[in-house]
Amino acid sequence: MDRVLTLALAAILGLAIGSFLNVVIWRVPRRESIVSPPSACPSCGHAIRRRDNVPVLSWLLLRSRCRDCGAPISARYPLVEAGTALLFVGVALRLGVAWSLPAYLYLAAIGMALALIDLDVHRLPDAIVLPSYAVVTVLLLLASLNPGGTPDWPALLRAVIGGAALWVFYFVLSVLWAGGMGFGDVKLAGILGAAMAWLGWGTLVIGAFAAFLVGGLFSIGLLAAGRATRKSGIPFGPWMILGAAVGVAVGEPLWSAYLGFIL
């Protein structure tokens, strides 16, 4: 029962956070406040009523149209809300009720926002990335302290080393591959590296590798389909985030299986 309650609460929280992320995804790249003014229809400018701001459900009841002017409402809004809820449930399944849970729920939330912003504008805003260094540091420190239990200082040390290592790796790539790797990717790498390494070296290795594997396959697919050329700018942030998600979800067992195969 406790497990079911935890997952239900994670889903509800994910829906609420997902609704807020829709505001973040739209406003942050435009350097607008995420606090005011209240959300409004982009077509008629009418403020959205509270009853029309219930995640997913309102979009369905309104049949994906504005109550006032009838303009269509993008399906992205409920998809972000539902997707964030699924991510939160996945994180809760992976970690359970633990002091590390807030850190990875936070990472899931900013990961959703950053991936979509990068796809939209090919940029990872400092307004989200840089403060996340402080937030993730505090939350991983709390997880390592493990109040009421045994502190896990080796995990914190791994996080520091892993974050620095992945930052340096991406920095070297950005220098060697001028124009192919943005400095926003470098800054994001430090956060993802720390979060993955906190869980284990296998999580870091598999997560980092998965980003290049999946991103590379996607790029090859675009080239083969004629949807991109060698000079096309393809944002890499979403693949870094997806790779980190793979690492967190299955990195340790995959790494153990790999080591067992080669040793």
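**The nonpolar patch and beyond**

Guide: Helix 6, residues 153-176, supplies the largest share of the nonpolar patch, with 5 residues; helices here are DSSP runs of H or I with at least four residues, numbered from the N terminus. Before we go on, this is a predicted model, with local features needing pLDDT of at least 70 and side-chain atom pairs pLDDT 80 or more, while totals for chains, interfaces and linings use all residues. Residues are numbered from 1 along each chain as its sequence is written, and side-chain values use heavy atoms, leaving out hydrogens and water.

The patch itself is made by Val168, Phe171, Val172, Val175, Leu176, Trp177 and Phe183, and it covers about 700 Å² of surface. Patch residues have over 30% relative accessible area and no salt bridge, with nonpolar side chains (Val, Leu, Ile, Met, Phe, Trp, Tyr) joined within 5 Å and like charges within 9 Å. A salt bridge would be a side-chain nitrogen of Lys or Arg within 4 Å of a carboxyl oxygen of Asp or Glu, and areas are Shrake-Rupley values with a 1.4 Å probe, where only the protein chains shown count as cover for residues. Val168 sits in helix 6 and is partly exposed, at 44% relative accessible area; buried means under 20%, exposed over 50%, and partly exposed in between (1.4 Å probe, protein chains only).

For a contrast, turn to Asp118 in helix 4 (residues 101-121). Asp118 is buried, with a relative accessible area of 4%. Leaving aside residues up to four places away in sequence, Asp118 touches Arg123, Leu124, Asp185, Pro235, Phe236, Gly237 and Pro238, a contact being heavy atoms within 4.5 Å. The Asp118 side chain also reaches the backbone nitrogen of Gly237, at 3.0 Å. Along the chain, Asn146 is 28 residues from Asp118, and their C-alpha atoms are 34 Å apart.

Ser132, in helix 5 (residues 126-145), is buried as well, with a relative accessible area of 0%. Beyond residues up to four places away in sequence, Ser132 touches Tyr106, Ile110 and Ile191.

The cysteines deserve a look too. The model has 0 disulfides, counted as pairs of cysteine sulfur atoms within 2.5 Å. Cys41 is in no disulfide, and its nearest cysteine sulfur, in Cys66, is 3.7 Å away. Cys41 is buried at 11% relative accessible area, whereas Cys44 is partly exposed at 37%.

Finally, here is some backbone geometry. The peptide bond from Ser36 to Pro37 is cis, with omega near -5 degrees, and Pro37 lies in the loop between helix 1 (2-27) and helix 2 (57-61). In the loop between helix 2 and helix 3 (76-95) you will find Arg63, which has a positive phi of about 55 degrees although it is not a glycine. Arg63 is exposed, with a relative accessible area of 70%. Ser64, in the loop between helix 2 and helix 3, has a positive phi of about 60 degrees, and Ser64 is not a glycine either.

Note on methods: Helix = DSSP H or I, 4+ residues; strand = E, 2+ residues; numbered from the N terminus. Polar contact = N/O pair within 3.5 Å; in protein donor to acceptor, adjacent residues only side chain to side chain.
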